[in-house]
Amino acid sequence: LTNSVAKVAFPAFSQVQADVPRLRGLYLRSSTLVATLVLPLCAGVAVAAPETVRVLLGPKWDASVPVLRALCVAIPLSLTTMFAGIVADARANLRRKVVLNVEFIVLLVGLFWLLRGYGIVGIAAAIGVGEVVRTFLYMRITHKDLVVGYAKLFAVYLPGLRNALVVGTGILLASVGLRALGWPALPVLGL
């Protein structure tokens, strides 16, 4: 999915690379759209993780629920920061992007080492925390490159966070209620 989006976004961003106000608007709209769609989806998956794992993989995989939840933090951040990376490519800010990726790799290695005692859950948590930090690192680059305030960069996530809160709360209330009634995982997941 990200490769397909990048193949479309890079030429579009490159065409307007010299027009910073236009590129800024394109970046903000693209990031907001992805955040608006992906954050609620991941919130729903995170809340319904026990049922999702049980239906798709079976009860023997229940220990993977925290992994799925941690990845539900990482995925939307990775998808939205993809556009910041594309802007850096389109504007030929490769040095900054390389430095950012080296910082990210060093951070991940450190987090993997710190969380090594927690197994696969620690690895997933490291990836989630790493993506949060990577998002802030890309915000720093985008702030300078597109002359856009941090408030606008954070605002990209607001529609998605609002939708995620509604979706997550709705699924949580439904699943808690249905679990209390003793419903099996498949009907709970279907709702």
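**Helices, pairs and cut-offs**

Tutor: Glu131 and Arg134 both sit in helix H6, 3 residues apart, about one turn of the helix. Helices here are DSSP runs of H or I with at least four residues, strands are E runs of at least two, and numbering starts at the N terminus. The model is a predicted one, in which local features need pLDDT of at least 70, side-chain atom pairs count only at pLDDT 80 or more, and totals for chains, interfaces and linings use all residues. Residues are numbered from 1 along each chain as its sequence is written, and side-chain values use heavy atoms, with hydrogens and water left out.

Student: What makes the pair Glu131 and Arg134 a salt bridge?

Tutor: A salt bridge needs a side-chain nitrogen of Lys or Arg within 4 Å of a carboxyl oxygen of Asp or Glu. Glu131 and Arg134 have N to O at 2.8 Å, so the pair meets the rule. In general, side chains of opposite charge can pair when their charged atoms come close.

Student: Why are Glu131 and Arg134 called buried?

Tutor: Buried means under 20% relative accessible area, exposed means over 50%, and partly exposed is in between (1.4 Å probe, protein chains only). Glu131 has 8%, so it is buried. Arg134 has 13%, so it is buried too.

Student: How many salt bridges does the rule give?

Tutor: The count comes to 5. Among them is the pair of Asp89 and Lys97, with N to O at 2.9 Å. Another one joins Arg91 to Asp145, whose closest N and O atoms are 3.2 Å apart.

Student: What makes Arg91 and Asp145 a link between parts of the chain?

Tutor: Arg91 lies in the loop between helix H4 (65-90) and H5, and Asp145 in helix H6, so the pair ties together parts that are 54 residues apart in sequence.

Student: Why are H5 and H6 called roughly antiparallel?

Tutor: Helix H5 (residues 94-114) and helix H6 (residues 119-145) pack at about 160°, with axes 9 Å apart. Axes are lines fitted to C-alpha atoms, for helices over the stretch in contact, and angles run from 0 to 180 degrees between N-to-C directions. Angles under 35 degrees count as roughly parallel, over 145 as roughly antiparallel, 65 to 115 as roughly perpendicular, and the rest as oblique. H5 and H6 are therefore roughly antiparallel. The residues of their contact divide into 14 nonpolar, 2 polar and 8 charged. (Ala, Val, Leu, Ile, Met, Phe, Trp, Tyr, Cys and Pro count as nonpolar, Asp, Glu, Lys and Arg as charged, and the others, Gly among them, as polar.)

Student: What about H2 and H8: how do their axes run?

Tutor: The axes of helix H2 (residues 20-47) and H8 come within 8 Å and cross at roughly 15°. That angle makes H2 roughly parallel to H8.

Student: Which backbone oxygen lies by the side chain of Thr169?

Tutor: That of Leu165, which is 2.7 Å from a polar side-chain atom of Thr169. Thr169 is also in helix H8, and at 36% it counts as partly exposed.

Student: What does the protein as a whole come to?

Tutor: Its secondary structure has 9 helices and 0 strands. Buried residues make up 40% of its 191 residues, and its C-alpha atoms fill a box of roughly 60 × 35 × 30 Å along the principal axes.

Key. Polar contact = N/O pair within 3.5 Å; in protein donor to acceptor, adjacent residues only side chain to side chain.
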